[in-house]
Amino acid sequence: MAVHGGDGERDPDPSDSLRTFGAVVQALREHAGLSRTEFGTLIRFSKHTVESVELGRRMPDEVFVERGEQATGNTGALRKSAQHLSRGEPGLAAWFRARLERGAVSPCTYECRLVPGLLQPEPHVRAVFGNSIPLLTDEQAEAQVAARLERQKILRERPHVAYSFIVEEAVFRRKLGGKEVARCMLDHVLEHSAPRNVTLQVMPQDAEFHSCLDGPVQPVETPEGKRLAYSEGQQNGWLIGDPQEVSLLQQRYDTPRSQALNHKESRGLLERLRGEL
């Protein structure tokens, strides 16, 4: 089953990439003459965690990679493997992005294609996956819908976290799934952008200035203060950790905040669009 990390497109299953990374960990561990228990003791992770990573069942965090690197001779192999996986494998990048989203300090999203996944009501979610090419089986579609709705729980579970969304006006004008679904979508977005920890800004169609024309982007700050960014295209997604690239993408996100409608104006526009349906 494919793991879906973006807001409209399915990503390739990351399991093959995780298994490949796990095989690298196992090979380096065995070359160092360490059992899983000994390796786990050295890096201060359980034998079970080591086994899960080596079998491709678990995505290791940065601490695991760094300690594992040191325990296997500090060759750079694990660091390079982890960097390659997070940047070069679209499915894994999207999957890892979803984990970051759950722990992000202040999640930000710019979208020009679809209503952000966290703000999609179920009928709209079904319309999104119903338009997937190639077509999903009923079982696949239900799994994707369930995963999307589960992901949305973070808005309710983290009321202390500030969420920021900048979305193109055309996205809200699109009647994906028909008028009834469009009405439901607008009602849902208005409801879920009402809490004071959620800021929604609409980029109007007649805007004369726009600094985020290169596509969707999600700047993320981890609880440890590390800044990352996730960028998604048609068939790929990239988790970006290079400080200079992340800084540039953050600037591209921050600038449209002054170019888009403010939160009150944006909600007023959505209410007018809802009245037109």
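Begin the tour by selecting Cys112, which at 31% relative accessibility counts as partly exposed, a term for values between buried (under 20% relative accessible area) and exposed (over 50%), found with a 1.4 Å probe on protein chains only. This is a predicted model, in which local features need pLDDT of at least 70 and side-chain atom pairs count only at pLDDT 80 or more, while totals for chains, interfaces and linings use all residues. Residues are numbered from 1 along each chain as its sequence is written, and side-chain values use heavy atoms, with hydrogens and water left out.

The structure holds zero disulfides, a disulfide being a pair of cysteine sulfur atoms within 2.5 Å. Cys112 is in no disulfide, and the nearest cysteine sulfur, which belongs to Cys212, is 7.9 Å away. Select Cys108 next, a buried residue with a relative accessible area of 8%.

The last stops concern the backbone. Most residues other than glycine have a negative phi, and most peptide bonds are trans. Arg44, in the loop between H2 and helix H3 (47-54), has a positive phi near 65° and is exposed, with a relative accessible area of 60%. Finally, select Pro134, in the loop between helix H7 (122-130) and helix H8 (138-151), where the peptide bond from Ile133 to Pro134 is cis, with omega near 0°.

Technical notes
Helices (H or I, at least four residues) and strands (E, at least two) are DSSP runs, numbered from the N terminus.
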